[in-house]
Amino acid sequence: MYDKFINQAIAAVPPSGIRRFFDIAATMKDAISLGVGEPDFVTPYHIRNAAINSIIDGETQYTGNRGLPQLLEEIAYYMATRFDVKYDPRKEIMVTVGASEAIDIALRAMVGPGDEVLVPEPSYVSYSPSVIFAGGTPVGIETRAEDEFRLTPEALRKAITPRTKCLILPYPNNPTGGIMEKEDLEAIAEVIREKQIMVLNDEIYAELTYGGKTHVSFASLPGMWDYTITLNGFSKAFAMTGWRVGFACGPEAILSVMLKIHQYGIMCASRMGQVAALEALQNGRMNDYEDVRKMRESYDRRRRLMVEGFRAMGLDCFEPRGAFYVFPSIKSTGLSSEEFCARLLMEHKIACVPGTAFGASGEGHIRCSYATSIDKLSIALERMEVFVKSVRSGLPD
């Protein structure tokens with residue numbers, strides 16, 4: 001009887017493909033989950049302590065809709081000194097409930113019925129559903145391992161139509177770990193200048209790049225500031241997933257519409273979370289972001305372990321340069337991504353995510369998060385090698 005009361009477009013969106021295998025693994029003794037993209041570090045003590053002290057001091061009220069003024073100032077300083085992009089904290093920055101809210105309200109501020117949003121795939125599971133929730137149409141652009149999962153200007157140009165409103169630029173990338181270097185972004189910028197579409201630049205993994213590569217913010221390129229909404233947050237770099245604090249930066253004309261949605265739907269991000277985020281940035285700039293550096297170095301060791309492990313068992317594995325995921329190819333096993341992950345979980349108690357959770361072009365791959373301990377990763381690789389050998393032994397010669 002409820003069908004007539006339900007928005008059928010939203011009902012038709014499938015549930016997230018990330019949580020399903022994780023939820024099953026949570027019920028299994030001795031299972032190891034490589035599924036959820038969450039740091040295994042606890043939020044640094046000084047950040048937790050700042051929030052605790054604010055609660056003890058009775059700081060439990062709403063903040064302004066845009067966010068704590070001190071935090072907005074710190075975000076402006078962070079963006080200017082870390083990524084060479086300048087924003088006015090009074091007009092061009094807002095604090096959100098995680099970067100996820102920023103994605104949602106940015107799309108709702110820009111996209112309407114008939115508008116198309118370009119989504120490089122494989123990519124984060126929320127992009128396309130958020131486009132649909134905004135009333136738009138997501139258009140996938142396949143990226144390939146042979147291109148290191150970078151978005152190419154040729155593929156972008158081919159995907160643009162008169163209805164294209166926006167491009168989502170998700171680098172460093174979840175799930176592939178691919179990055180876009182300055183020359184790659186400059187080639188994309190040429191297309192944006194010509195076609196004049198907006199860019200939703202998700203930089204949530206900007207602090208997590210490896211091999212001597214540093215992140216380049218798209219808005220820092222000549223002429224791109226006017227066409228870019230930059231999203232970021234504290235979940236990944238500062239191990240603050242549960243605090244739910246993100247932020248958006250961009251032209252006032254669009255930020256003002258995003259703020260209106262935020263005002264009516266959310267009011268403000270948690271004051272305690274904002275206090276913690278303020279401490280993360282203030283302390284960070286005083287000690288050269290030592291917390292972030294230590295976690296990044298640990299991820300880098302795990303990253304190399306995972307790539308070497310997959311290659312040793314005979315699976316092709318692109319070397320990720322960012323985030324904390326590997327995206328090996330399992331095509332040589334003859335199994336689909338879904339079959340591989342289901343059997344691996346049930347037979348060897350290792351939870352990974354099928355590549356198809358991140359778009360159809362993810363078929364033939366699996367995503368494994370290495371944001372867990374070296375010991376668990378080593379055990380997981382041993383079990384996976386046994387599984388791969390068993391699967392191949394059953395393949396026809």
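Let's start with Gln-196, which sits in the loop between helix 8 and strand 6 (198–202). In this predicted model, Gln-196 has a positive phi of about 55° even though it isn't a glycine. Its relative accessible area is 54%, so Gln-196 counts as exposed.

Asp-84 is another non-glycine residue with a positive phi, here about 60°. You'll find Asp-84 in the loop between helix 4 and strand 2 (93–96). Asp-84 is exposed too, because its relative accessibility is 57%.

## Cis prolines

While we're on the backbone, look at the prolines. The bond from Glu-121 to Pro-122 is cis, with omega near 5°, and Pro-122 belongs to the loop between strand 3 (116–121) and helix 6 (127–133). The bond from Tyr-171 to Pro-172 is cis as well, with omega near -10°. Pro-172 falls in the loop between strand 5 (164–169) and helix 8 (182–195).

## Aromatic rings

There are 15 aromatic pairs in the structure. One of them is Tyr-78 with Tyr-289: the ring centres are 5.8 Å apart and the planes meet at 65°, so this pair is edge-to-face. It ties together distant parts of the chain, 211 residues apart, with Tyr-78 in helix 4 (residues 69–83) and Tyr-289 in the loop between helix 10 (271–286) and helix 11 (290–312). Both Tyr-78 and Tyr-289 are buried.

Now take Tyr-299 and Phe-324. Their ring centres lie 5.2 Å apart with the planes at 55°, so this pair is tilted.

One more ring is worth a look: the charged end of Arg-285 sits over Tyr-77, 5.1 Å from the ring centre.

## Why no disulfides?

Cys-249 is in no disulfide either, with the sulfur of Cys-166 as its nearest. The disulfide count is therefore 0.

Are these cysteines buried or exposed? Cys-166 is buried, with a relative accessible area of 0%. Cys-249 counts as buried too, because its relative accessibility is 0%.

Technical notes: Residues numbered from 1 in each chain as written. Predicted model: local features only at pLDDT ≥ 70, side-chain atom pairs only at ≥ 80, totals over all residues. Heavy atoms only, no water. Disulfide = S-S within 2.5 Å. Buried < 20%, exposed > 50% of the residue type's maximum accessible area, 1.4 Å probe, protein only. Phe/Tyr/Trp six-rings, centres within 6.5 Å; stacked < 30°, edge-to-face > 60°. Helix = DSSP H or I, 4+ residues; strand = E, 2+ residues; numbered from the N terminus. Lys NZ or Arg CZ within 6 Å of the ring centre and 35° of its normal.
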